[in-house]
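Dear colleague,

Please find the sequence and structure below. A short account of what was found follows them.

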Amino acid sequence: MNEKEVPLNYLMTNKAEVLSRKESFEVLIDFDVVFVGEVHDSRFAHKAELILLTGLSRRDPDLVLALEMFERDVQDVLDAYLRGKISEDKFLKQSRPWPNYHDGYRPLIELAKTKGIPVIAANVPRRAAAAVVMANKISTKVVGGDRLFLPQKVHLDSKEYRKRFAASVGEMPHHTPMKGMNVNGLYKAQVLKDAVMAASLGPFLDRRILFCCGHFHSDYRLGIPYQLRKNHPELKIAVITFSSSLEELPMEDRSRVADFIWLES
């Protein structure tokens, strides 16, 4: 992607300062981990992620990409594809890609493959999260064979995150499967995902990381950033959200959601 095709002004600080393209990357390159909190079906968000990956990797050849959209147990498959050792068909058959992979995330993976950018399959396997929901407990016994992905510490102490999560579940339509499940178990599974995704960055914390995740995993610097900061308070972390995610919030709350807002035209 040619940066000249990108509008000059598209990133705004949470203090309402609009940054030019050059200023945006000059600011972002100063952070250790940059989270992009997306709406999963937003083409605008996916385009922005590709712009960010392209621009940051040009400025930092050691950049690492982390994705919520792949799970820890498919890391070897992802690595094999990035190194050209298996075909794309085999990669997709073995890696459980999301339904919108081709439109949403394939461009990121292909750019990473072309430029030799490591990609972290960050998320906990879905079966482990489902087991935690049912048991209403996080333990090695509950997650079984996925215990090797458990971090040493899972921080369940954020009252604000618990409140926001419960409110989010409460707002879901009645036909949503999560509606009939135990909120405490759902919350523990949510925090488990955050903690595993934060821990997945461990081997790469000496490099700059761009992390693409659902916005609830990074909004208000909770979720993954919260888990990461609890264990690594020295890290300089930035959170980006999208203007469309803020439209329903009162003006005074918008600046709290993230450090930067990607402006949607």
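In what follows, a residue is called buried when its relative accessible area is under 20%, exposed when over 50%, and partly exposed in between (1.4 Å probe, protein chains only). Helices (H or I, at least four residues) and strands (E, at least two) are DSSP runs, numbered from the N terminus. This is a predicted model, in which local features need pLDDT of at least 70, side-chain atom pairs count only at pLDDT 80 or more, and totals for chains, interfaces and linings use all residues. Residues are numbered from 1 along each chain as its sequence is written, and side-chain values use heavy atoms, with hydrogens and water left out.

Helix α2 is mostly covered, with twelve of its 17 residues buried; among them are H46, E49 and L53.

Strand β3 (residues 33-38) has six of its six residues buried. V33, F35 and G37 point one way from β3, and V34, V36 and E38 the other. Two strands pair if DSSP finds at least two bridges between them. β3 pairs with β6 (residues 209-214) in the parallel sense over six bridges, and V34 stands opposite L210. Four bridges join β3 to β7 (residues 237-242), also parallel, where V36 stands opposite I240.

With kind regards
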